[in-house]
Amino acid sequence: MEIRKLDQMFEVLASRAKKRLVAAWAIDAHTIVAVAEAVKIGIIEAILVGDETLIKKGCKDHGIDPAIFNIVHCEHDLEAATKSVALINAGEGDFLMKGLLSTDRYMRAILNKEKGLMNPGAILSHITVAEPKNYHKLLIFGDVAIIPLPDLNQKVAITNYLIKTAHFLGIERPKVGLLAASEQTLPKIPSCADAAIISKMAQRGQIKGGIIEGPLGMDLIIDHESAVIKGMKSEVCGDADCILFPNIEAGNTFYKTIVKLLKSELCAIVMGARVPCVLTSRGDSERSKLYSIALAAMLA
Amino acid sequence: MKKLIEIADKAKALGKQTRVAVAVAEDANSIGALCRAASEGFVHPILIGNKSRIEGLLKDYTLPAAGYTIVDLPNQDEATREAVRMVKSAEADVLMKGLVGTDKFLKEVLNKERGLLPPKAVMSYTCALELPKYHKLLLISDTAVLPNPDLEQKIAMVNYSVKMAHKLGISNPKVALITATEKVSSGMPNTIDYALISKMAERGQIKGCVVDGPLDIFLACDPSSLEIKGVDTPIGGDADICIFPNLETANAFYKGLMLFGDGELAGLIQGTSKPVVVMSRSESENSKYYCIALSCLMAEEI
């Protein structure tokens with residue numbers, strides 16, 4: 001089934017075997033409440049790694065029965081991160097989530113060469129799935145958070161993550177727009193040049209599983225009428241499932257515009273590790289955190 | 001068009017005499033090819049150099065006196081300068097190198113005040129190949145001028161070759177950008193340039209042709225290879241033009257075909273305001289005749 005609304009992920013997950021979330025240093029109310037909600041609606045099982053006393057207090061404060069979780073006791077945040085990653089590597093969990101520890105420490109545990117979650121040469125990136133008001137389907141895009149200025153190889157990796165995410169959401173042949181300053185191939189503008197190169201690579205079958213077009217301006221990617229006016233015949237135009245951003249500023253601004261100006265829902269995960277990783281920020285809504293957990297479970 | 005002789009037919013069909021100014025017109029080969037074109041009525045040679053030597057060479061041919069012009073300038077530098085001046089001032093339509101060194105000749109062509117290259121124009125070289133085993137003429141670039149063309153120069157090579165194809169009556173030529181593989185990879189910078197150029201053409205930034213690359217020579221010129229390799233390209237093994245990544249590759253390609261494939265060629269300098277014929281001594285007299293015919297077509301404003 002093709003997911004067209006974020007809520008539909010819950011239906012799909014409810015019909016599947018539950019994936020096991022491992023939450024690192026899950027001692028804060030934000031994390032506990034979001035995970036509890038996901039457990040209660042029956043889409044995941046959860047292991048909370050952290051100080052047992054603090055976790056139980058957090059549960060009590062929010063009227064949550066701690067028995068719905070498996071709790072693995074740890075004294076410190078760093079130890080919790082290492083332990084969580086070890087649980088994943090031991091096959092006791094299917095995906096990871098960050099609790100109250102710093103993003104830096106969380107990422108370091110993932111990236112650790114011997115004990116982490118990375119395959120050699122893998123590229124870690126951040127993929128967002130949004131449900132923007134006024135658009136007729138979900139929009140999957142990246143990278144808005146991890147790679148500031150992706151080079152060509154990193155852009156290819158991100159494009160592959162976008163396509164993979166779309167596939168897991170039931171979109172068989174996702175349409176990927178490669179965002180640039182102009183739809184012209186202007187070799188001196190890196191966003192245009194890289195987009196042209198990536199779209200050629202796709203034509204040559206070096207990137208599979210989707211329909212890829214670029215360079216394209218945002219108007220051509222999401223608005224069919226603009227494509228008609230400009231005479232662009234690509235089937236991606238006006239009907240994109242995915243957008244590759246040329247840099248973090250463009251991606252991050254788009255992300256925040258969707259949340260704050262359009263008041264639309266979105267969710268995100270980190271891809272490139274052996275399992276999907278949830279990396280919510282304190283600013284995210286409860287709903288958004290729940291969606292992010294669901295998204296990671298879809299891909300786990 | 002399958003044979004170079006058809007270029008001469010087209011030149012004859014122009015129904016006019018193109019004025020070819022020859023700098024130091026004192027070598028037998030050039031005079032022979034020019035006299036053939038002149039006797040067929042599509043060229044009026046303007047022979048600049050040592051008058052007595054030129055007349056000595058002309059004795060072997062039976063051109064009517066009105067069929068050519070001699071300008072007596074025994075000094076090579078002066079003869080070359082005069083030939084370029086005549087073309088620049090529209091007293092002649094085509095410039096041709098005679099018995100003068102290529103360096104000296106091109107230096108005059110490239111001279112900023114007196115020469116024929118517009119400011120910022122890229123000078124390059126395109127030649128038309130007749131190949132017994134290919135079903136039509138194949139234009140290739142750059143076999144002679146640009147050792148290591150950058151992106152901008154490659155784009156110029158495409159545009160010049162397309163213009164030549166148009167003059168030969170090929171209205172929407174298929175341009176293949178040649179390298180060793182059809183895959184795009186940053187480890188092979190030419191494949192990156194080619195991806196950009198083919199995307200530029202797709203976006204209408206290069207007009208009047210169909211462009212695809214990177215491709216290897218099989219995918220460009222052999223339809224049966226498409227299926228074997230599973231590559232979808234609008235060139236379809238039917239290229240009119242092959243652009244090569246550097247001079248060594250292009251040069252070895254055409255010389256190999258001359259030597260082992262019974263090929264024949266006609267080439268011209270590109271980028272100048274008027275056609276410039278520079279032939280190497282090793283070229284056959286036929287080849288020189290085709291070059292002259294090609295220059296007559298290229299001199300036409302269409």
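**Figure 1. The two domains of chain B.** Chain B is divided into domain 1 (5–120 + 272–299) and domain 2 (124–260), with bounds that come from an automatic or database domain assignment. This is a predicted model, in which local features need pLDDT of at least 70, side-chain atom pairs count only at pLDDT 80 or more, and totals for chains, interfaces and linings use all residues. Residues are numbered from 1 along each chain as its sequence is written, while chains are lettered from A and ligands numbered from 1 in the order in which they are written. Taken over C-alpha atoms, the centres of domain 1 of chain B and domain 2 of chain B are separated by 29 Å. Four residues of domain 1 of chain B are in contact with four residues of domain 2 of chain B; two residues are in contact if their C-beta atoms, placed from the backbone, lie within 7 Å. On the side of domain 1 of chain B that touches domain 2 of chain B, the largest share, three residues, comes from helix 11 (residues 285–299) of chain B. Helices (H or I, at least four residues) and strands (E, at least two) are DSSP runs, numbered from the N terminus. The mean pLDDT of chain B is 95, and 100% of its residues reach 70 or more; pLDDT is the predictor's confidence in each residue, from 0 to 100.

**Figure 2. Contacts between chain A and chain B.** In this model, which scores ipTM 0.86 and pTM 0.90, 14 residues of chain A are in contact with 13 residues of chain B. Helix 6 (152–168) and helix 7 (190–203) of chain A are the elements that give two or more residues to the side of chain A that touches chain B. The largest share of that side, six residues, comes from helix 7 of chain A.

Figure 3. A residue is buried if 20 or more other C-beta atoms lie within 10 Å of its own, exposed if 12 or fewer, and partly exposed in between, with C-beta atoms placed from the backbone. A:Lys175, A:Gly177 and A:Leu179 lie on one side of strand 7 of chain A, and A:Val176 and A:Leu178 on the other. Strand 7 of chain A pairs in the parallel sense with strand 8 (residues 211–216) of chain A over four bridges, and A:Leu179 has A:Leu216 as its bridge partner in strand 8 of chain A. Two strands pair if DSSP finds at least two bridges between them. Strand 7 of chain A also pairs in the parallel sense with strand 9 (residues 242–244) of chain A, over three bridges, where A:Leu178 stands opposite A:Leu244.

**Figure 4. Helix 5 of chain A and its cover.** A:Tyr106, A:Ala109 and A:Ile110 are the buried residues of helix 5 (residues 103–111) of chain A. Seen down the axis of helix 5 of chain A, these buried residues fall within an arc of 100 degrees, so they line one face of the helix; the arc is that of the directions from the helix axis to the C-beta atoms. Strand 1 (19–24) of chain A is included in what covers them, and five of the six residues of strand 1 of chain A are buried.
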